[in-house]
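Please find below a colleague's note on the structure shown here.

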Amino acid sequence: MNKTQSKLLTSLKAIIENNQDFILFTHSNPDGDAIGSILAFYYLLEELNKNPTIYMNTPLPYFYEFLIKKELRLVKDVNRKYKVGIVFDSGDKNRISETFDVKEKVEILVNIDHHPTNNNFGDINIVDPKAASVTEILYEIIRKLKYEISLNVAECILTGLITDTGSFRFSNTSYKSLKIASELVKKGANISKISKEIYEKRRMSSLKLMGISLSRLQLYKNIGWSFIEEEDLKNNNASHEDIEGIIDLLRTLREADIVVLFYPYNKERVKVSLRSKKDKIDVGKLALKFGGGGHKEAAGFQINRNEINSYQDFIKKIDEYINSDEWVFTYK
């Protein structure tokens with residue numbers, strides 16, 4: 001641990017020890033790492049006899065409900081100022097809410113993240129792009145601050161590790177990730193149980209959407225792509241949380257080096273999820289081109305519907321960019 005990291009952790013410990021009033025944030029439509037991070041720290045703060053609150057403006061995905069061990073203090077709006085705010089797994093504070101600036105809602109803002117595109121928006125920024133997940137960072141924080149890791153905290157941390165490493169299949173899986181996972185198992189966290197909750201308890205509506213996306217799957221050169229429309233959600237009584245995981249199913253396409261999934265974000269905007277299967281294609285940089293962000297193998301962005309003539313045309317734009325001199329320059 002270098003001097004800068006040591007100083008940051010000393011500051012964070014002082015904030016935790018000297019305050020009671022915390023509000024925890026993550027990005028909208030949270031994934032497993034976001035949910036695992038925010039719940040792990042919520043349970044930790046409660047175990048330290050603090051008063052944490054979670055802000056979440058979108059529903060908690062049903063396949064992560066197994067992590068909820070007690071009634072949580074949840075708010076959908078922030079109608080007062082909190083002493084300390086902590087943001088997890090968000091490279092940009094604007095991903096938290098479209099209606100308010102998170103910095104205006106707290107006196108002290110802590111930013112804990114692993115996105116390479118993070119713009120260090122906090123008063124304290126603990127950002128490690130080399131970490132496989134934010135929960136991996138949290139494990140190190142808790143250990144170095146000498147707090148106890150309970151079973152509840154361990155399960156949340158392991159959930160983030162499992163989901164952000166693709167069950168330890170993605171290239172971000174490191175010796176450190178596996179060592180932390182083994183330590184969490186020692187604490188009582190069960191990899192098999194967690195994996196079954198996340199991946200083997202899908203609703204019928206989710207599986208229907210998977211079928212629709214597979215039936216529409218196309219290949220343009222080395223880009224596999226598909227789409228889901230708002231009408232598909234209505235016809236199958238599905239919600240946006242049922243879309244999670246579909247892009248990783250498309251990622252298994254043998255002929256593709258990159259896969260793309262278009263789906264509705266709201267009435268005006270379309271979400272574009274990206275996954276890379278080839279080392280030289282960094283979809284995090286590709287997402288930045290369109291105002292989004294993410295990691296080398298997994299990223300995404302949003303785009304106005306009126307900016308898309310057709311999905312096929314947009315895929316051609318992505319292909320042109322990947323093969324352009326500009327892409328080669330940014331990759332170097």
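**Notes on the predicted model**

1. Leucine 24 touches Ile38, Phe41, Tyr42, Leu45, Thr53, Ile54, Tyr55, Ile86 and Phe88, leaving aside residues up to four places away in sequence. The model in which these contacts are found is a predicted one. Leucine 24 belongs to strand β1, and its relative accessibility of 0% places leucine 24 among the buried residues.

2. Asparagine 19 is found in the loop that runs between α1 (3-18) and β1 (21-26). Although placed in a loop, asparagine 19 is buried, its relative accessible area being 10%. A polar atom of the asparagine 19 side chain lies 2.8 Å from the backbone oxygen of isoleucine 15. Beyond neighbours within four places in sequence, asparagine 19 is in contact with Lys50, Lys83 and Val84.

3. How many salt bridges does a search of the whole structure find? The search returns 21. The individual pairs in the next two points deserve a separate description.

4. Glutamate 155 takes part in a salt bridge with lysine 69, at 3.0 Å from N to O. Lysine 69 is in the loop between β2 (51-55) and β3 (74-75) and glutamate 155 in helix α4 (residues 151-164), so this pair ties together parts that are 86 residues apart in sequence. Glutamate 155 is buried, with a relative accessible area of 5%, whereas lysine 69 is partly exposed at 36%. Lysine 193 also forms a salt bridge with glutamate 155, and here the closest N and O atoms are 3.7 Å apart. Because lysine 193 lies in helix α6 (residues 191-199) and glutamate 155 in helix α4, this second pair ties together parts that are 38 residues apart in sequence. Lysine 193 counts as partly exposed, with 39% relative accessibility.

5. A further salt bridge joins aspartate 242 and arginine 203, with 3.2 Å between the closest N and O atoms. The two residues link distant parts of the chain, 39 residues apart: aspartate 242 is in the loop between α8 (230-235) and α9 (246-250), and arginine 203 is in the loop between α6 and α7 (204-215). Is aspartate 242 buried or exposed? Aspartate 242 is buried, at a relative accessible area of 0%. Arginine 203, by contrast, is partly exposed, with a value of 32%.

6. The buried residues of α3 are Val134, Thr135, Glu136, Ile137, Leu138, Tyr139, Glu140, Ile141 and Ile142. Just after α3, lysine 146 adopts a positive phi of about 65°.

7. The protein chain is divided into domain 1 (3-198) and domain 2 (204-323). Their C-alpha centres lie 26 Å apart. To the contact between them, domain 1 contributes 17 residues and domain 2 contributes 12 residues.

8. The size of an interface is often given as the accessible area lost when the parts come together. Between domain 1 and domain 2, the buried area is about 1200 Å², and carbon and sulfur atoms give 47% of this area. Which three residues supply more than any other three of the area that domain 1 buries against domain 2? They are Tyr62, Thr117 and Phe170, which together supply 36%.

9. Zero salt bridges are counted between domain 1 and domain 2, while seven residue pairs are in polar contact, both residues being at pLDDT 80 or more. On the side of domain 1 that touches domain 2, the residues divide into eight nonpolar, seven polar and two charged.

Notes
Residues numbered from 1 in each chain as written. Predicted model: local features only at pLDDT ≥ 70, side-chain atom pairs only at ≥ 80, totals over all residues. Heavy atoms only, no water. Helix = DSSP H or I, 4+ residues; strand = E, 2+ residues; numbered from the N terminus. Buried < 20%, exposed > 50% of the residue type's maximum accessible area, 1.4 Å probe, protein only. Polar contact = N/O pair within 3.5 Å; in protein donor to acceptor, adjacent residues only side chain to side chain. Contact = heavy atoms within 4.5 Å. Salt bridge = Lys/Arg side-chain N within 4 Å of Asp/Glu carboxyl O. Domains from an automatic or database assignment. Buried area = accessible area lost by both parts, 1.4 Å probe. Nonpolar A, V, L, I, M, F, W, Y, C, P; charged D, E, K, R; others polar.
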